[in-house]
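Please look over the sequence and the structure shown here before reading the short report that follows.

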Amino acid sequence: MTWREIAAAAGQVPPETTQQAVGYPALFVLVALGALVPVIPTGALVSTAAVVAFHHHAPLLGVVMVFAVAALAAFTGDLALYWLGRRGVRSRGGSRWLERLRGRATPERLEQAQTKLDEHGVLVLVVSRLVPAGRIPVMLACLLSELPLGRFARGDGPACLAWAATYGLIGILGGSLFAEPWKGVALAVGLTLAISVAPALWRRVRG
């Protein structure tokens, strides 16, 4: 095959197919990395991907794929972080992953998470995934309670599904309100950022 034939064949590939081939793996990596290193706004990533998928020729399939990839990536990242944290709990000197988790959870929030875990069990993982900055204190409470990895996984699976569905719906809302994808992306990102900062602002106002 000549270079001209290769270029012609590449030009016949639909742009959406190319975007999906690159976009879904990138979404998985970024969401999993955001779950493992909680500094990436993964909710905004999922909402943005849902907006873009909503404007494809097959929006239903695209949105379902975003939901499935995001949920699986979040679940993978959570399990990896929990496994690393369990290694720190078991070792005498701890680990940098466990110390990072401790640094992101104030004593008050950790105590609240421990109380909720004692009262409701792993069901609290679902709520913690939906509440901004609620995942780390509950995960740390599970680690300090020496919750087995299998039990944590059974609670975290539904939590990741609910989380992906919530931010996917935000993206669908943004995509349905505007014909131009960039406007939907701007709205989705604005909503997710507002959701993430609202609890901190409320605590500051109450304080």
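How many of the ten residues of α8 are buried?

## The setting of helix α8

In this predicted model, nine of the ten residues of α8 are buried, so this helix is largely enclosed by the rest of the structure. The buried residues are Arg-135, Ile-136, Pro-137, Val-138, Met-139, Leu-140, Ala-141, Cys-142 and Leu-143. Just after α8, Glu-146 takes a positive phi of about 55°.

## How α6 packs against α8

Two packed helices are described by the angle between their axes and by the distance between those axes. Helix α6, residues 107-120, packs against helix α8, residues 135-144, at an angle of about 65°, and their axes are 8 Å apart. Because of that angle, α6 is roughly perpendicular to α8, and α6 passes α8 in a right-handed crossing.

On the α6 side the contact is made by Arg-109, Leu-110, Ala-113, Gln-114 and Leu-117, while α8 contributes Pro-137, Val-138, Leu-140, Ala-141, Cys-142 and Leu-144. The residues of this contact divide into nine nonpolar, one polar and one charged.

## The nonpolar cores

The largest nonpolar core has 20 residues, of which Leu-27, Val-31, Val-46, Val-66 and Trp-163 touch the most other members. Two or more residues of this core come from each of α2 (15-36), α3 (42-54), α4 (59-90) and α9 (149-177), and α4 gives the most, with seven residues.

Leaving aside residues up to four places away in sequence, Leu-27 touches Leu-45, Ala-49, Val-66 and Val-69. Apart from this core lies another, of 19 residues, among them Ala-105, Val-124, Leu-125 and Cys-142.

Technical notes:
Residues are numbered from 1 along each chain as its sequence is written. This is a predicted model: local features need pLDDT of at least 70, side-chain atom pairs count only at pLDDT 80 or more; totals for chains, interfaces and linings use all residues. Side-chain values use heavy atoms; hydrogens and water are left out. Axes are lines fitted to C-alpha atoms, for helices over the stretch in contact, and angles run from 0 to 180 degrees between N-to-C directions. Helices (H or I, at least four residues) and strands (E, at least two) are DSSP runs, numbered from the N terminus. Angles under 35 degrees count as roughly parallel, over 145 as roughly antiparallel, 65 to 115 as roughly perpendicular and the rest as oblique. A crossing is left-handed if the near helix is turned anticlockwise from the far one by less than a right angle, and right-handed if clockwise. Contact means heavy atoms within 4.5 Å. Ala, Val, Leu, Ile, Met, Phe, Trp, Tyr, Cys and Pro count as nonpolar, Asp, Glu, Lys and Arg as charged, and the others, Gly among them, as polar. Buried means under 20% relative accessible area, exposed over 50%, partly exposed in between (1.4 Å probe, protein chains only). A nonpolar core is a set of buried Ala, Val, Leu, Ile, Met, Phe, Trp, Tyr and Cys residues joined through side-chain atoms within 4.5 Å.
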